Amino acid sequence: PGSTAEVAAVIRACASAGVPVVPQGGNTGLVGASVPHDGEVVLSLRRLDTIESVDPVERTLAAGAGVTLAAAQSAASSVGLMLGIDLAARESATLGGIVATNAGGLRVVRHGPTRAQLAGAEAVLAEGSVLRRWSGLIKDNVGYDLVGLLAGSEGTLGVVTRVLMRLVSPPTRVHVALVGVASLDAAAEVLSGVRQAGLTIEAAEFFDSEGLALVRSHL
């Protein structure tokens, strides 16, 4: 499908026929959640790849679920802002999948998971109806947080077709440090010490010696 209406038509047809559906975005997940295994219809959202708008005043980006993270990052950068989400799979991971899995990524320590950066969403529910919550306001306390429920629902509540993401200001200066520590607890102490020193942590990753040896064996 190439639009929310076409997604809804597919969902209605499958619901009528009693056929289960497996939505797929960029297929970058490693947990098997989007892998069909028993005759399901695979619903690819890759054609929903339009960036509708980038608003530097409201600091939001509106886009289809099939837009890659790299494309969204580039669009935000064009107006001097950035998306507070970053993944190693940015070239192929899509916004719909990122929302559906409530992805964290490298910048989760600074900006929180995807749910914290989702201002609005459009989704097709199981019987084919369309749910749309598209306010963009930070102070939006009306009714249930339906957008927040969609984030991390893994397609069980609906198929995300469009998203409205919040944008943030990029840091003016960035310093990168590679710190050797003896344990995961020690790594947490390093992060805590950096914060207590009044510095902002933009991103953090942890890897152990076994993981490094595995990568080196291939590269």
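This is a predicted model: local features need pLDDT of at least 70, side-chain atom pairs count only at pLDDT 80 or more; totals for chains, interfaces and linings use all residues.
Ala, Val, Leu, Ile, Met, Phe, Trp, Tyr, Cys and Pro are counted here as nonpolar, Asp, Glu, Lys and Arg as charged, and the others, Gly among them, as polar.

Among the 42 residues that line the second largest pocket, Pro23, Ser34, Ala100, Thr101 and Glu154 lie closest to its centre. Two or more lining residues come from each of helix H1 (4–17), strand E1 (21–24), helix H3 (95–100) and E8.

Turning to the largest pocket, the space inside amounts to about 1200 Å³. Its lining comprises 34 residues, and those closest to the centre are Ala177, Leu191, Ala203, Ala204 and Glu205. Sorted by class, the lining of the largest pocket holds 22 nonpolar, six polar and six charged residues. Helix H7 (209–218) and H6 each contribute at least two residues to this lining, and H6 gives the most, with six.

The surface also deserves a look. A nonpolar patch is formed there by Val179, Val181, Leu184, Val190 and Phe206, which together have about 410 Å² of accessible area. One of these residues, Val179, sits in the loop between strand E8 (159–168) and helix H6 (184–196). Val179 is classed as partly exposed because its relative accessibility is 48%, and this class lies between buried, under 20%, and exposed, over 50%.

How values were computed:
Residues are numbered from 1 along each chain as its sequence is written. Side-chain values use heavy atoms; hydrogens and water are left out. Patches are made of residues with over 30% relative accessible area and no salt bridge: like charges are joined within 9 Å, nonpolar side chains (Val, Leu, Ile, Met, Phe, Trp, Tyr) within 5 Å. Accessible areas come from the Shrake-Rupley method with a 1.4 Å probe; for residues, only the protein chains shown count as cover. A salt bridge is a side-chain nitrogen of Lys or Arg within 4 Å of a carboxyl oxygen of Asp or Glu. Helices (H or I, at least four residues) and strands (E, at least two) are DSSP runs, numbered from the N terminus. Buried means under 20% relative accessible area, exposed over 50%, partly exposed in between (1.4 Å probe, protein chains only). On a 1 Å grid over the protein atoms alone, a cavity is a set of points where a 1.4 Å probe fits but cannot get out, and a pocket is an open set with protein on both sides within 12 Å along at least five of seven lines; lining residues have an atom within 4 Å of a point. Grid points are joined across faces, edges and corners, and a volume is the space filled by probe spheres set on the points.
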